[in-house]
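My entries follow in the order I made them.

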Amino acid sequence: MATTSQYIQLAKALPPRLQRFFARYPPASIINPAASGELPQTAYQIEAPNPFLATKHPVTGKWHDPKFSLRRQAELVKLAREHGVEELLPYTPKKTEERIRHRVEHGLRVKGTGIGQQVKGHAHERHLVGKMEKRRQAMLNMPKLIREWKAKKIVKKMAEPTHYEVLGIPRSYLEDDRDLAPIIKTAYHRSLLRNHPDKAFNVQPGEPRVIGTAQNSTNFTIDQISEAYAVLSDVKRRADYDKALKTARNGQDQPGSAGSGSGFQTGIENVDLDDLQLDEAQNRWYRSCRCGNERGFSLGESDLEEAGDFGELIVGCQDCSLWLRVHFAVVVDEHSAAAQVPG
């Protein structure tokens with residue numbers, strides 16, 4: 001057994017934290033008993049014999065917490081173990097031998113992992129299962145959302161007018177072998193005039209949409225007109241645009257290349273003006289639509305005069321997205337024409 005001088009030399013080699021602790025709570029194994037056989041105690045030991053355990057006040061009878069918290073106890077035990085004096089510390093549940101004994105007695109049990117138990121953990125850990133389930137459901141619903149987004153995009157494009165409709169030019173009119181530059185330029189200036197804020201007519205609610213007349217011109221912006229003129233006046237860009245329109249009609253793609261940026265109208269039916277019924281009281285031609293409107297397609301004589309240079313007129317239904325291409329011929333009275341020719 002080591003002598004007192006050896007313990008003193010050992011105490012000098014300890015870190016200051018352990019020196020202060022052993023000075024206040026000297027181990028009984030290194031203290032020589034008094035003549036009466038009792039071990040001398042410091043003032044700290046009289047107040048709390050074991051600073052690692054709760055103590056009961058001798059007067060009030062109330063229990064007081066340990067002088068050292070469990071965290072500080074674990075730090076002291078670790079420091080003493082590193083310097084080889086752990087056995088000199090008073091009893092604490094943080095000592096190595098006590099932890100080994102508890103492990104042997106109770107086994108490797110983790111609180112919260114038993115049957116019917118649950119580890120509280122951090123907030124992000126508690127919510128992790130719910131978040132992962134939401135993410136899984138979102139991934140499963142992703143194909144459906146993609147189809148819905150594509151459908152909305154297609155509907156938006158389909159609702160936009162074509163460049164031909166913006167300028168009021170039938171597409172078939174540009175397929176002839178003729179100089180198209182004057183025709184496109186004239187249609188461009190006429191569309192600009194119709195859409196001018198001081199020149200355009202206001203469309204009343206419930207009136208039919210007629211392409212190529214002043215009623216429908218207010219639907220087009222200056223940017224749409226300029227883009228339509230830039231595409232149709234260029235031979236290569238117009239060919240690419242026509243190809244995109246044809247592909248879109250076949251349901252394979254939507255026109256968007258060649259600087260188009262617009263869709264085309266679907267459900268167009270070609271009819272003659274004679275196939276429509278005439279309301280002599282209002283001097284308007286009309287025809288029923290598949291949507292149920294008895295007068296879904298309606299046009300007047302002023303609409304025919306406006307599109308007289310083209311020989312056809314595109315009319316939209318008032319209640320749905322169907323369109324009607326009406327073909328007609330302008331008959332000129334020879335006597336009236338001769339009277340207008342200067343002699």
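I looked up Gln45 first: its relative accessibility is 10%, so it counts as buried (buried is under 20% relative accessible area, exposed over 50%, partly exposed in between, with a 1.4 Å probe and protein chains only). The model is predicted: local features need pLDDT of at least 70, side-chain atom pairs count only at pLDDT 80 or more, and totals for chains, interfaces and linings use all residues. Residues are numbered from 1 along each chain as its sequence is written, and side-chain values use heavy atoms, with hydrogens and water left out.

I placed Gln45 in helix H3 (residues 43–47); helices are DSSP runs of H or I with at least four residues, strands are runs of E with at least two, and both are numbered from the N terminus. The Gln45 side chain reaches the backbone oxygen of Pro26 at 3.1 Å.

I then searched the whole structure for salt bridges and found 13 (a side-chain nitrogen of Lys or Arg within 4 Å of a carboxyl oxygen of Asp or Glu).

I noted Arg237 with Glu227, at 3.6 Å from N to O. This pair links distant parts of the chain, Arg237 in helix H11 (residues 235–249) and Glu227 in helix H10 (residues 222–232), 10 residues apart.

I noted Asp240 with Lys236, closest N and O atoms 3.3 Å apart. Both lie in helix H11, 4 residues apart, about one turn of the helix. Asp240 is partly exposed at 32%, and Lys236 is exposed at 59%.

I noted Asp279 with Arg295 at 2.9 Å, N to O. Asp279 is buried at 14%, whereas Arg295 is partly exposed at 33%.

Key:
A polar contact is a pair of N or O atoms within 3.5 Å; within protein, one must be able to donate a hydrogen and the other to accept it, and residues adjacent in sequence count only if both atoms are side-chain atoms.
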